[in-house]
Amino acid sequence: MMNYISETDLILNADGSAYHINLFPHEVADTIITVGDQDRVAEVSKHFDHIEIKKGKREFVTHTGRIGQKRITVISTGIGTDNIDIVLNELDALVNINLDTRTVNSQLKSLDIIRIGTSGAVQADVELDTLLVSSAAFGLDPLMHYYQHSLSAHDAALLQAFKEAIPASYQLCPYYASAGQALLDTLATDLPRGITITAPGFYTPQGRQVRAQTATPQLLSVLQSFSAGNQRITNLEMETAGIYGLATNLGHQAISFNVILANRVTQQFSKQPLVVMEQSIVQVLERITNSK
Ligand SMILES: O=P(O)(O)O[C@H]1O[C@H](CO)[C@@H](O)[C@H]1O
Ligand SMILES: O=c1cc[nH]c(=O)[nH]1
């Protein structure tokens, strides 16, 4: 059959649910909040008026419910863009593929995908315990090199400028992906913004020096000093570029809210990470429920 998606391209569990995230189409809302930490899922859903579904498999815990009339799914991705590949492809399959015929639906759905995650700042003036929005992200992980990913001339020039700023000896191959403009406009016009670096690790890939010897000794200062026009790199984390790149490829809107827990320039870490995350969750939920 034409355009048939095979049983090994899109794997379903014996009950017909998506292979890793273990969900059925009716269990997913059009507004999706992604968090890294499984325990953060309940910290979000405790603010729901009603929870209709609680499911989980591996690191992918999902709660779907409502605040007022707004139906929201919150799902944990675990750490890293390899998990983003799984979560975004499976969420998209649930809403855009007929799982019985294994063909793509004629009407495609665009999800709103909203990350609430923690992050480290690379600029001294990005303050601890504040909320920062990723206007775009450079991925230093490899995920989007496997997907078609076209850029505007402006964005291609920005990526080229960043590539030229990285010492050749680092052997890095960054990609670039932007936030969904509609979500930036509806949820985050008043928040500080910047370009986020999505790293393929937490320690040396984010310029940390513990015991392992680094091959990229000036990474933090390279990131900190990069600028193009009025754009600069503000923070480091591990999912945003993959979320933005795959959301763009699949026709979804995505936005990443970063709770700044570390400042890598002042070398300070938040004294109250759980309190700040709780305040940020409340703030983002208010923005979502007030938006439409
Ligand atoms: O707090 P989360 O959402 O997990 O996000 C950040 O924290 C983790 C590293 O500690 C990475 O996943 C990074 O992106
Ligand atoms: O510095 C940090 C803090 C949170 N998450 C990261 O990935 N990096």
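Reply: Strand 1 (31-35), strand 2, strand 3, strand 4 (70-76) and helix 7 are among what covers the buried residues of helix 1. Helices (H or I, at least four residues) and strands (E, at least two) are DSSP runs, numbered from the N terminus. Buried means that 20 or more other C-beta atoms lie within 10 Å of a residue's own; exposed means 12 or fewer, partly exposed is in between, and C-beta atoms are placed from the backbone. Contact means that two C-beta atoms, placed from the backbone, lie within 7 Å.

This is a predicted model: local features need pLDDT of at least 70, side-chain atom pairs count only at pLDDT 80 or more, and totals for chains, interfaces and linings use all residues. Residues are numbered from 1 along each chain as its sequence is written, while chains are lettered from A and ligands numbered from 1 in the order in which they are written.

In helix 1, Arg40, Val41, Val44 and Ser45 are buried. They fall within an arc of 135° seen down the axis, so they line one face of the helix. The arc is that of the directions from the helix axis to the C-beta atoms. An α-helix has 3.6 residues a turn, so residues three or four places apart point the same way.

Now the partner, helix 7. Met277, Ser280, Ile281, Val284 and Leu285 are its buried residues. They too sit within an arc of 135°, so they line one face of helix 7. Val275, Glu286 and Asn290 are exposed on the other side. The buried residues pack against helix 1 (38-45), strand 3 (60-67), strand 7, strand 8 (131-139) and strand 13.

Look next at the loops between these strands. Arginine 58 lies between strand 2 (50-57) and strand 3. Its phi is positive, about 50°, although it is not a glycine. It counts as partly exposed, with 13 C-beta neighbours inside 10 Å. Aspartate 129 lies between strand 7 and strand 8. Its phi is also positive, about 70°, and it is not a glycine. With 18 C-beta neighbours inside 10 Å, aspartate 129 is partly exposed.

The largest nonpolar core has 71 residues, and Tyr244 and Ile255 touch the most other members. Strand 13 supplies the largest share, seven residues. Such a core is a set of buried Ala, Val, Leu, Ile, Met, Phe, Trp, Tyr and Cys residues joined through C-beta atoms within 7 Å. Leaving out residues up to four places away in sequence, isoleucine 255 touches Ile114, Val133, Ala179, Gly180, Leu183, Leu184, Leu187 and Ala188.

Glutamine 206 is buried, with 21 other C-beta atoms within 10 Å.
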